[in-house]
Amino acid sequence: MFRYIVKRILMMIVILWCAGVVIFTLTYLVPGDVASLMLGKEATVEVINQKRTVLGLDQPYLVQLGRYMYDTFIRLDFGDSWIFSSSVMAELAVRLPRTLLIGLSAMVLNVAIGTLLGIFAGTHEGKWQDSLVMIIAMVFISAPDFFVALLLILLFSLKLGWLPAYGIESMACYILPIISCALGGIAVNARQARSSMLEVIRADFVTTARAKGQKEKVITRKHMLPNAMMPIITGVGGGLAMVVAGSPVIESVFSIPGVGAYMLAGVNQHDYPVVRACVIFFALFCSVAILIMDLCYAFLDPRIKAQYSKGKKVK
């Protein structure tokens with residue numbers, strides 16, 4: 001297992017390095033002169049050239065890329081914002097807890113509620129409970145996150161007045177953003193869990209357990225769930241990607257100053273140090289979550305343990 005963990009960590013480092021190269025290249029190839037956009041139309045050519053020199057934009061691509069990769073991955077310095085002239089790392093440190101609170105809470109709801117609903121639907125195949133869960137899941141899979149967020153604001157904030165519609169003044173402000181992020185993932189995990197349960201229910205070992213006279217609750221807990229969890233764990237990575245991809249939109253809708261809103265502001269203002277830092281953060285967040293998912297998968301699957309047993313990978 002130690003070799004397996006080391007291998008996954010090395011792969012994560014390579015992924016982060018590739019993400020850094022890709023996001024730097026994309027921002028480098030964006031048309032338009034950043035210095036001209038920052039200084040405005042009234043700036044002279046001399047002032048623009050001087051600004052480009054200060055930002056390092058007058059250097060060749062490889063020189064800029066090498067300096068960026070060294071500062072980011074060796075010095076762990078994302079630089080300063082071009083628009084606000086503040087440290088990107090310091091700004092991320094302030095915004096990071098808000099984004100993590102929303103993202104991790106949404107993921108917990110995704111896994112817990114989605115898995116339970118999928119198991120409930122799978123064990124009631126063909127009945128009205130199964131149809132109801134699948135219809136609700138299809139509705140939330142099809143609905144965009146921002147549309148769900150606006151509906152929740154309309155219902156719980158404007159009509160009922162139970163929850164605030166924006167801001168971070170209290171913990172109640174995070175309830176609607178968390179629910180908005182979680183609903184789509186809950187629907188996806190419910191469908192995945194149902195498919196896994198239906199596949200396990202038809203397995204021979206479940207039929208054998210029933211033939212031996214075991215109770216249905218015991219069969220579900222001891223035989224079905226451990227085998228059905230493999231595809232569910234694999235699907236958690238997709239749910240995480242949905243949460244990360246939707247965070248800029250959700251944070252903008254609810255006016256939450258998190259990492260997603262910070263990245264969206266950087267994109268709108270061509271503040272590339274901010275954009276690059278936020279993309280690296282999201283890549284790190286996804287990589288760590290997928291690493292944990294792989295470790296859980298390896299813990300549950302004895303075949304992976306056998307491959308890396310006794311310090312050697314079995315071919």
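Analyst: Contact means heavy atoms within 4.5 Å. Among contacts in the protein chain with a separation of 6 or more, 70% join residues 24 or more positions apart. The model is predicted: local features need pLDDT of at least 70, side-chain atom pairs count only at pLDDT 80 or more, and totals for chains, interfaces and linings use all residues. Residues are numbered from 1 along each chain as its sequence is written, and side-chain values use heavy atoms, with hydrogens and water left out.

Start with the setting. The protein chain has 13 helices and zero strands. Here helices (H or I, at least four residues) and strands (E, at least two) are DSSP runs, numbered from the N terminus. Of its 315 residues, 41% are buried. Buried means under 20% relative accessible area, exposed means over 50%, and partly exposed lies in between (1.4 Å probe, protein chains only). The chain exposes about 17500 Å², and carbon and sulfur atoms supply 69% of that area. These areas come from the Shrake-Rupley method with a 1.4 Å probe; for residues, only the protein chains shown count as cover.

Confidence comes next. pLDDT is the predictor's confidence in each residue, from 0 to 100. Its mean over the protein chain is 80, and 89% of the residues reach 70 or more. Helix α4 (residues 61-73) has the highest mean, 88, while helix α13 (residues 302-307) has the lowest, 62. Where pLDDT is low, the predicted coordinates should not be read in detail.

The part to look at is helix α8. Helix α8 covers residues 175-201, 27 residues in total. From first C-alpha to last it reaches 36 Å, close to the 39 Å expected at 1.5 Å a residue. That expected span is 1.5 Å times one less than the number of residues. Helix α8 also has a kink of about 30 degrees, centred on A182. The bend at a residue is the angle between axes fitted to the seven residues ending there and the seven starting there. Most of α8 is covered, with 20 of its 27 residues buried.

Two residues of α8 deserve a stop. Take R194. Its side chain meets that of D130 in a salt bridge, 2.6 Å from N to O. This pair ties distant parts of the chain together: R194 sits in α8 and D130 in helix α6 (residues 128-142), 64 residues apart. A salt bridge is a side-chain nitrogen of Lys or Arg within 4 Å of a carboxyl oxygen of Asp or Glu. R194 and D130 are both buried.

Now L198. This residue also lies in α8. L198 counts as buried, because its relative accessibility is 9%. Setting aside neighbours within four places in sequence, L198 is in contact with G122 and E125. L198 and G122 are 76 residues apart in sequence, yet their C-alpha atoms are 5.6 Å apart.

How do other charged pairs look? The whole structure holds four salt bridges. One joins E91 and R95, with the closest N and O atoms 2.9 Å apart. E91 and R95 are four residues apart in helix α5 (residues 88-122), so about one helical turn separates them. E91 is partly exposed at 24% relative accessible area, whereas R95 is buried at 15%. Another bridge joins D71 and R75, with the closest N and O atoms 3.0 Å apart. R75 is partly exposed, with a relative accessible area of 46%. D71, R75 and D77 are linked in a network of salt bridges.

Helix α7 is another kinked helix. Helix α7 (residues 145-159) has 15 residues and spans 20 Å between its end C-alpha atoms, close to the 21 Å expected. Its kink is about 25 degrees, centred on I153. Buried residues in α7 include V148, A149, L152, I153 and S157. After α7 comes G161, with a positive phi near 70 degrees.

S255 is not a glycine, yet has a positive phi of about 55 degrees. S255 lies in the loop between α10 (216-253) and α11 (259-268). H270, also not a glycine, has a positive phi of about 55 degrees. H270 sits in the loop between α11 and α12 (272-300). Most residues other than glycine have a negative phi. S255 is partly exposed at 44%, and H270 is partly exposed at 24%.
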